[in-house]
Amino acid sequence: MFEWIEALTITGDAARARAFVPHDLPQLADHFPGQPLVPGSLLLELLAQTGGPLAEAACPEARWALLGLVRSASFPAPTPLAAPGVRLALSAELTRLEPSSACVRARAQVAGEDRARAELVFTLQPAGPGWEPALAARAARLARWRAAWEGP
C-alpha cells in the first residue's frame, strides 16, 4: 500500500487529511523527467484513502469501503514534484450513504489551490472470514493517522 497520508481526522460527514509525496520515488522517475509531476492517479488514490475511512465511519455496522467508481475527476492545475516533495491538504465530504455504497466528494489542494477534485463511489462490503490481518492493519494505520492529526 502507498502510505503518504500523514494525518487524518473525521468529524461528522467530513474528513480532512495531510499527505506528503516525496520527490524521489522510484515509481515516479519517468513522470516526467525535467518536469516532475504528481500523477492524477496518485492524487485519486490519496483522495480515496481520505474518503474510504469517512465512508466506513458513517456506516451503522462494520463495513470495508472499496473504491468502486470514480464518477468524475478534474485536475485544475498540475502538481509539480520538486525536492523535497509536495504537501497536500485533502478533504472529503459524504454526499450519500446507502446500505451497500457511499458517495464522497473530495479534493486535493497545495497551498490553498485545488489540484484535484473527484466524486468517488465506494462499495461497502462486510469483512469476511480471513480478513482479520487486513482489518488489524487498517485499524493500526487509522489510529496512527488520527494521533498524528491531534499531534503532540
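A polar contact is a pair of N or O atoms within 3.5 Å; within protein, one must be able to donate a hydrogen and the other to accept it, and residues adjacent in sequence count only if both atoms are side-chain atoms. This is a predicted model, where local features need pLDDT of at least 70, side-chain atom pairs count only at pLDDT 80 or more, and totals for chains, interfaces and linings use all residues. Residues are numbered from 1 along each chain as its sequence is written, and side-chain values use heavy atoms, leaving out hydrogens and water.

**Exercise 1.** Find the place of Asp 114 and decide: buried or exposed?

*Solution.*
- Step 1: Asp 114 belongs to strand E6, residues 113-125. Strands (E, at least two residues) are DSSP runs, numbered from the N terminus.
- Step 2: Its relative accessibility is 16%, so Asp 114 counts as buried. Buried means under 20% relative accessible area, with a 1.4 Å probe and protein chains only.

**Exercise 2.** Find the partners of Asp 114.

*Solution.*
- Step 1: The Asp 114 side chain makes a polar contact of 2.8 Å with the side chain of Gln 109.
- Step 2: The side chain of Arg 117 also joins that of Asp 114, in a polar contact of 2.8 Å.
- Step 3: Set aside neighbours within four places in sequence. Asp 114 then contacts Pro 76, Ala 77, Arg 107, Ala 108 and Gln 109. Contact means heavy atoms within 4.5 Å.

**Exercise 3.** Which strands pair with E6?

*Solution.*
- Step 1: E3 (residues 64-74) pairs with E6, antiparallel, over nine bridges. Pairing needs at least two DSSP bridges between two strands. Leu 66 stands opposite Thr 123 in E6.
- Step 2: E5 (residues 101-110) also pairs with E6, antiparallel, over ten bridges. Val 110 has Glu 113 in E6 as its bridge partner.
- Step 3: Two residues lie between the strands of the E5 and E6 hairpin, where Ala 111 takes a positive phi near 50 degrees.

Definitions and conventions:
Helices (H or I, at least four residues) and strands (E, at least two) are DSSP runs, numbered from the N terminus. Buried means under 20% relative accessible area, exposed over 50%, partly exposed in between (1.4 Å probe, protein chains only).
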